[in-house]
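Biologist: I would like to go through the charged pairs in this model. Please show it.

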Amino acid sequence: FGEGMTAIPRYLFANCSGLKEITIPDTITTIKESAFTNCANLTDIDFSIGVKTIGDRAFANCTSLAEVEIPANIETIEIKAFQKCTNLEKVTLNEGLTILGAKAFYGTNISSIYIPSTLQEVKDYTSPFSNCASLNDITFGEGITSIPNYLFANCTGLREIEIPSSVKSIG
């Protein structure tokens with residue numbers, strides 16, 4: 001990446017089937033729309049400490065991804081960012097995340113999720129976890145005071161939800 005570059009441009013690596021691993025440099029703050037969409041053989045993403053925003057459909061249809069860790073520096077995951085990553089089974093969301101976009105993890109194979117206490121908003125009124133038939137276990141971070149609107153709408157497989165006593169409102 002060029003010196004001074006702060007964003008990975010839209011569609012830059014879209015459809016790169018040979019791409020298997022990504023290390024995002026520290027200078028990058030934003031991964032723009034569809035930057036890595038349809039990278040069918042992508043298995044590993046190493047986010048830097050600089051990234052704040054993962055854009056719309058940035059990693060959509062990356063069907064070889066099995067695990068993603070979202071570090072604490074990432075504040076926003078936009079709409080459909082990881083949609084239809086059909087082999088995605090484990091997602092780690094860390095404290096620091098404030099906004100989740102609609103259908104961010106649509107159609108993935110996640111079975112359980114931890115929701116950090118810093119989460120404040122779901123964008124565009126559709127569950128970030130819609131069509132996640134395997135999702136059955138939710139844990140909220142201690143200290144979360146409000147559960148955002150639409151967070152788990154239409155998640156038909158839910159079996160266990162643990163809501164901490166710090167919650168004052170449920171959207």
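Biologist: Which residue forms a salt bridge with arginine 57?
Modeller: The model is predicted, and local features need pLDDT of at least 70, side-chain atom pairs count only at pLDDT 80 or more, and totals for chains, interfaces and linings use all residues. Residues are numbered from 1 along each chain as its sequence is written, and side-chain values use heavy atoms, with hydrogens and water left out. A salt bridge is a side-chain nitrogen of Lys or Arg within 4 Å of a carboxyl oxygen of Asp or Glu. Here the closest N and O atoms are 2.7 Å apart, and the partner of arginine 57 is glutamate 33.

Biologist: Is glutamate 33 buried or partly exposed?
Modeller: Buried means under 20% relative accessible area, exposed over 50%, and partly exposed in between (1.4 Å probe, protein chains only). Glutamate 33 has a relative accessible area of 22%, so this residue is partly exposed.

Biologist: How far apart in sequence are the parts that glutamate 33 and arginine 10 tie together?
Modeller: The side chains of glutamate 33 and arginine 10 meet in a salt bridge at 3.5 Å, N to O. Glutamate 33 lies in the loop between β3 (30-31) and β4 (44-46), and arginine 10 in the loop between β1 (7-8) and β2 (21-23), so the parts tied together are 23 residues apart. Strands (E, at least two residues) are DSSP runs, numbered from the N terminus. The separation asked for is 23 residues.

Biologist: Is glutamate 78 buried or exposed?
Modeller: The side chain of glutamate 78 meets that of lysine 123 in a salt bridge (2.7 Å, N to O). Glutamate 78 has a relative accessible area of 14%, so this residue is buried.

Terms used
Helix = DSSP H or I, 4+ residues; strand = E, 2+ residues; numbered from the N terminus.
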